[in-house]
Structure formats: C-alpha cells, structure tokens
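Let's take a walk through a protein chain together. Have a look at the sequence and the model first, then read on.

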Amino acid sequence: LVAQLTTHKILHCDLAVLRSKNPLNVLWRAPRALRHIIRTHHVTLVHARSRTSAWSAFLAVQSTTAQLVTTHHGAYGLDKARWKKAVARVMLWGAGLIMPSSFMCEFVCRHQGVRVTEKVDAGQGNNEAQPIDAVCSTMMPVATSRVLL
C-alpha cells in the first residue's frame with residue numbers, strides 16, 4: 001500500500017510514538033509530532049484506523065485545517081463496558097467514518113447511536129481492497145490535497 005500511496009504523492013508517516021498506548025504518548029507526544037507533520041507538509045486529510053491513533057490524530061488536527069477520517073474496524077466490546085464506549089467515541093468525531101462491513105455499520109449504529117447519512121459500497125461485495133486510484137478520486141476532489149495515512 002505504501003508504494004501505491006507514494007505513486008499518488010500521498011504522504012505516509014510511520015511514527016514510533018504512535019505504536020505506544022501510553023497515555024502520555026497518545027495525548028501529548030503523538031499529537032505534537034502529527035501536528036508538526038501536518039503543518040510542515042500542508043496535510044489536508046489525516047486517517048486513523050485505531051482508537052489510540054484516532055485520539056492522537058483528533059487532538060493533532062484541532063489547531064490545523066486538516067480533517068480527520070477514521071476506519072471503525074472492531075466492535076471493541078461496546079455492548080458491554082461503558083468506558084470502552086467512551087474511549088471508542090473518538091472514532092466518530094472525524095469528518096468521515098469508514099466502516100468496512102455491514103456488520104460494523106449496524107453494530108456502531110446500534111451501540112454508538114450513529115445515524116448513517118450516506119453509504120458507499122466500495123468493495124462490490126468482495127473482501128478485496130479497493131484500488132488506491134479509486135480511493136484517491138473519491139476522497140480527494142482537489143488534485144493538490146495532501147493526505148496523511
């Protein structure tokens with residue numbers, strides 16, 4: 001995937017500080033590092049695929065013009081523990097939310113009180129990833145957009 005992103009001049013950053021679930025890293029160090037990257041590279045869209053990276057990304061984009069998009073992959077036990085529901089809520093705070101399956105869509109709607117306003121079937125009924133060309137043309141209407149995944 002990184003090679004495809006590079007072909008489309010999309011910035012991909014793999015920061016060691018994002019691999020830690022240490023609250024100091026998630027709430028302070030990682031957002032600071034991400035904010036620096038967003039400003040330095042004029043990033044317009046940031047994608048987060050987990051709760052911890054979503055918290056860091058959410059805090060990072062607050063003082064920038066970049067927008068956050070998240071992918072809600074897991075059920076996270078939202079039907080059991082209130083604190084998990086509260087921690088996972090950040091996945092819903094971005095400009096867009098990607099749910100890779102109908103199951104996840106229904107689960108999140110039921111347990112997080114989300115109402116779906118638009119549904120796009122990117123997978124055409126199979127489990128194969130959508131080609132990056134299609135994702136770029138769908139997500140980036142402006143050719144000069146910079147994306148951080």
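Of the contacts in the chain with a separation of 6 or more, 61% are between residues 24 or more positions apart; a contact here means heavy atoms within 4.5 Å. Keep in mind that this is a predicted model, where local features need pLDDT of at least 70, side-chain atom pairs count only at pLDDT 80 or more, and totals for chains, interfaces and linings use all residues. Residues are numbered from 1 along each chain as its sequence is written, and side-chain values use heavy atoms, with hydrogens and water left out.

How far can you trust it? The pLDDT, which is the predictor's confidence in each residue from 0 to 100, averages 75 over the chain, and 74% of the residues score at least 70. Over residues 123-149 the pLDDT is below 50, though this stretch has 39 contacts in the model beyond near neighbours in sequence. Where pLDDT is low, the predicted coordinates should not be read in detail.

The chain has six helices and four strands. These are DSSP runs numbered from the N terminus: helices are H or I with at least four residues, strands are E with at least two. Of the 149 residues, 34% are buried. Buried means under 20% relative accessible area, exposed over 50%, and partly exposed in between (1.4 Å probe, protein chains only).

| Helix | Residues | Buried residues |
|---|---|---|
| H3 | 51-61 | Ser53, Ala54, Ser56, Ala57, Phe58, Ala60, Val61 |
| H5 | 102-112 | Met104, Cys105, Phe107, Val108, His111, Gln112 |

What covers the buried residues of H3? The cover includes helix H2 (23-40), strand S1 (45-48) and strand S2 (67-71). H2 and H3 pack at an angle of about 55°, with their axes 8 Å apart. Axes are lines fitted to C-alpha atoms, for helices over the stretch in contact, and angles run from 0 to 180 degrees between N-to-C directions. The two helices are therefore oblique to each other: angles under 35 degrees count as roughly parallel, over 145 as roughly antiparallel, 65 to 115 as roughly perpendicular and the rest as oblique. Residues making this contact include Leu27 and Ile38 of H2 and Trp55 and Leu59 of H3.

On to H5, whose buried residues have helix H4 (82-88) as part of their cover. Alanine 86 is found in H4 and is partly exposed, with a relative accessible area of 46%. Just after H5, glycine 113 takes a positive phi of about 70°.
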